[in-house]
Amino acid sequence: MILELSLSNIFSLRDEIKLDLQAAKIQTKKGRELETNLFSVGDEQLLKSIAVFGANASGKSNIVKAIRACVDMIRSSHNYNEDTVFGFAPFKFDGYEQRPSSFYIRFLIDGIEYEYSFTMTRREILTEQLYYYPNGRRSLVFSRDESKGPEKKDIYEFKPMLKRPMDVAANTSRKTLFISRASQMDRELPKLIFRFFCDEIVLDYHLPQSLSIDQMLSGQKAHILEVLRTADSDIVDIRQKGNTIETYHKSNPMVPFDFDTEESDGTKTLFYMMLSMIDIIRSGKVLLIDEIDTSLHTQLVEFIIGMFNSSDHAQLIYTTHNTHLLNTDLQRRDQVYFVNKREDGSSDLYSLYDFKDFRDSYDMEKAYLQGRFDAIPYLSKPKF
């Protein structure tokens, strides 16, 4: 589970932006009513979902793109060759193309907090650090600063929890993150960190291949059918027979339909999406979705967000421009972020919680559309 994410100089995110999944201390009546949107780890209360709102081309999708690019580097950099160009671009104006980009994350594995960060250009890693809190106190695992080279012993600093770390450093080029190479070379703590980024952060929803439909539906069939009914489907039952999925309809519940050949593409997409969501929620993973409202009715989007907010400890980070989701009955003020495009082309991210004069009793959607939080398009009448 994630506590905090920070990014800078990636795509339109020129200045550092931060997504904080640690719950604020909201003592209002609305805040107490939405305590199910939180979960506790020790003394920490974390948010189960965060929404990022903004106008088209404001940069909200760049936040998801940037996180995906950095996580993909962690997953893949041990395979990078000398000609590899990393999958992001720095901010293009005011000389920022020559400045480093950065990624920082705080997260929990089995109740222990970790901090991991790195800086890079499009072609090489510049710095990298890993800290952890084994007894509630911050402790260095390793640090790396390529500017102190060329000798590896000058570039790296290690603490005793890593086995033969200089062997790993000797095999880590400036194209490669140390944590990726160390995991590949069978070092236990780096493997734990690497598995977190591979297994616990889901960069987009997909159907898990390892489970049968029956396993996926177990205990969740009612939720699936409710979603399909919300989408104006008359399906009343779903069953798996061998490798075939059969559906049964309200008009005659005794007649089976072949799911793959006789149901609409929209029904099939929604069905598989819901199976993926259920697997993510059951496993307590973190899901990133860009434009969650694309091709989905508002009620379905609210249902999906509600599934995460009712989960044990799954987390959802999503972008949207659907203003109907700006609802104090659905989410707390600290779960709502806005992205605004500045005149210089950079994107600014800020939380609704920062607006101290905004009360839970106010109409969040109306205030947003009136421009109270910026992050909306300002249009003049066209002349024909």
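## Close-up views of a predicted model

Figure 1. K29 and E33 both belong to helix α1 (residues 29-33), where they sit four residues apart, about one turn of the helix. Helices here are DSSP runs of H or I with at least four residues, strands are DSSP runs of E with at least two, and both are numbered from the N terminus. The side chains of K29 and E33 form a salt bridge with an N to O distance of 2.5 Å. A salt bridge is a side-chain nitrogen of Lys or Arg within 4 Å of a carboxyl oxygen of Asp or Glu. K29 is exposed, at 56% relative accessibility, and E33 is partly exposed, at 46%. Buried means under 20% relative accessible area, exposed means over 50%, and partly exposed is in between (1.4 Å probe, protein chains only).

The model is predicted, so local features need pLDDT of at least 70 and side-chain atom pairs count only at pLDDT 80 or more, while totals for chains, interfaces and linings use all residues. Residues are numbered from 1 along each chain as its sequence is written, and side-chain values use heavy atoms, with hydrogens and water left out.

**Figure 2. Salt bridges elsewhere in the model.** A search of the whole structure finds 25 salt bridges. One of them joins D15 to R14, with the closest N and O atoms 3.0 Å apart. D15 is partly exposed, with a relative accessible area of 26%, whereas R14 is buried, at 14%. R14 and D15 also belong to a network of salt bridges that links them with R342, D344 and D348. Another salt bridge connects E113 with R106, and here the closest N and O atoms are 2.7 Å apart. Both E113 and R106 are buried.

Figure 3. F11 is in the loop between β1 (2-8) and β2 (17-20). Is F11 buried or exposed? F11 is buried, with a relative accessible area of 17%. Leaving out residues up to four places away in sequence, F11 touches N62, K65, A66, G87, F88, A89, P90 and F91. Contact means heavy atoms within 4.5 Å. N81 lies 70 residues from F11 along the chain, and the C-alpha atoms of these two residues are separated by 23 Å.

**Figure 4. The surroundings of S77.** S77 is in the loop between α2 (60-76) and β6 (101-109). At 0% relative accessibility, S77 is buried. The residues that S77 touches are D72, K175, T176, L177 and S180, not counting residues up to four places away in sequence.

**Figure 5. Packing of helix α10 against helix α11.** Helix α10 (residues 265-283) and helix α11 (residues 298-309) pack at an angle of about 20°, and their axes are 10 Å apart. Axes are lines fitted to C-alpha atoms, for helices over the stretch in contact, and angles run from 0 to 180 degrees between N-to-C directions. The two helices α10 and α11 are therefore roughly parallel to each other. Angles under 35 degrees count as roughly parallel, over 145 as roughly antiparallel, 65 to 115 as roughly perpendicular and the rest as oblique. α10 passes α11 in a right-handed crossing. A crossing is right-handed if the near helix is turned clockwise from the far one by less than a right angle, and left-handed if anticlockwise. In α10 the contact is made by L270, M273, M274, M277, I278, I280 and I281, and in α11 by L300, F303, I304, M307 and F308. By class, the contact of α10 with α11 has twelve nonpolar, no polar and no charged residues. Ala, Val, Leu, Ile, Met, Phe, Trp, Tyr, Cys and Pro count as nonpolar, Asp, Glu, Lys and Arg as charged, and the others, Gly among them, as polar.

**Figure 6. Packing of helix α8 against helix α10.** Helix α8 (residues 221-230) and α10 pack at an angle of about 145°, with their axes 10 Å apart. The crossing of α8 with α10 is right-handed. I224, V227 and L228 of α8 meet T267, L270, F271, M274, L275 and I278 of α10. This contact of α8 with α10 has eight nonpolar residues, one polar and no charged.

**Figure 7. Backbone details in loops.** Most residues other than glycine have a negative phi, and most peptide bonds are trans. The peptide bond from G149 to P150 is cis, with omega near 20°. P150 is in the loop between β9 (139-145) and α3 (152-155). Phi of D94 is positive, near 60°, and D94 is exposed, at 54% relative accessibility. Phi of D110 is also positive, near 50°. D110 lies in the loop between β6 and β7 (112-120) and is exposed, with a relative accessible area of 76%.
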